[in-house]
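The exercises below are meant to be worked through with the sequence and the 3D view side by side. Try each task before reading its solution.

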Amino acid sequence: MPSAKFEIKRKCKECGATFIAKTLESYYCSRTCTLRAYNKRKTERKKRNQMDAIVSKIPDGRDYISVTEAEAMFGISAKTIRRMIRSGKIPAINIGQRLTRVCKSALLERVPLRDEPLDRTKPLPKLYHLEPEDCYTIGEISKTYGIDDSTVYAHIRKYSIPTRQIGNFVYAPKEDIDHRRTRQTLWSRPCRC
Ligand SMILES: [Zn+2]
């Protein structure tokens, strides 16, 4: 794995803590979080396989399916299915205690088939251009807004803006500093020059 030539501050994809990524491919703050994420993926895969097995056994011609089959087919919870039944959105029949059958064709009209993992993974972290030409130094920012460096750092921390240190300079992406939110917050500070 290529090691990063500069500091990359990231949020751990598992616990959300900020950490210094050792390599470009480090997404977790610790071994514990790496392992936890791996186990989650494994459980998720197993669950999907089980659901696929249930779906494969539903005969095409049968229109009334069990709640378990509906869960597997559409990736929605039994609770949601029962709520739809109660509100009259989908027809259901009761063939005995705990033996509810729901109308497959009615569900097909309303709910998309399950195709994505149940626990949708969070979107990938935004990629930043942290080359010096795409960045301002902290000094440049404080000069532009007439504020001190610590105010700039406070803002950077507040909005988790990534930074990169090269030599004595700390860089922050222009894109984030020129953002409307940043401009509003920093301009509203009293000038301390
Ligand atoms: Zn973590």
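**Exercise 1. Find which residues coordinate the zinc ion, and explain why their arrangement is called tetrahedral.**

Step 1. The zinc ion is held by the SG atoms of C12, C15, C29 and C33, at 2.3 to 2.4 Å, where donors are N, O and S atoms within 2.8 Å of the metal (3.2 Å for Na, K and Ca) and water is not among the atoms, so sites may look incomplete.

Step 2. The angles subtended by the four donor atoms run from 107 to 115°, and therefore the arrangement is tetrahedral (four donors count as such if all angles lie between 85 and 135 degrees). For comparison, the ideal angle for four tetrahedral donors is 109.5 degrees.

Step 3. Along the sequence, the donor residues follow the spacing C-x2-C-x13-C-x3-C. Within this set, C15 lies in the loop between β1 (3-11) and β2 (18-23), while C33 belongs to helix α1 (residues 31-56), 18 residues away, so that the pair links distant parts of the chain; helices (H or I, at least four residues) and strands (E, at least two) are DSSP runs, numbered from the N terminus.

The model is predicted: local features need pLDDT of at least 70 and side-chain atom pairs count only at pLDDT 80 or more, whereas totals for chains, interfaces and linings use all residues. Residues are numbered from 1 along each chain as its sequence is written, and side-chain values use heavy atoms, with hydrogens and water left out.

**Exercise 2. Decide whether C15, C29 and C33 are buried, partly exposed or exposed.**

Step 1. Buried means under 20% relative accessible area and exposed over 50%, with partly exposed in between (1.4 Å probe, protein chains only).

Step 2. C15 counts as partly exposed because its relative accessibility is 42%, and C29, at 32%, is partly exposed as well.

Step 3. C33 has a relative accessible area of 5%, so this residue is buried.

**Exercise 3. Describe the largest nonpolar core and the contacts of L107.**

Step 1. A nonpolar core is a set of buried Ala, Val, Leu, Ile, Met, Phe, Trp, Tyr and Cys residues joined through side-chain atoms within 4.5 Å.

Step 2. The largest one has 16 residues, of which I76, I81, I90, V102 and L107 touch the most other members. Two or more residues each come from α2 (67-74), α3, β5 (100-103) and α4 (104-110), and the largest share, four residues, is given by α2.

Step 3. Leaving aside residues up to four places away in sequence, L107 touches A70, F74, I76, M84, I90 and V102, contact meaning heavy atoms within 4.5 Å.

Terms used
Four donors count as tetrahedral if all angles lie between 85 and 135 degrees; four count as square planar and six as octahedral if opposite donors are over 155 degrees apart and all others between 65 and 115; anything else is irregular.
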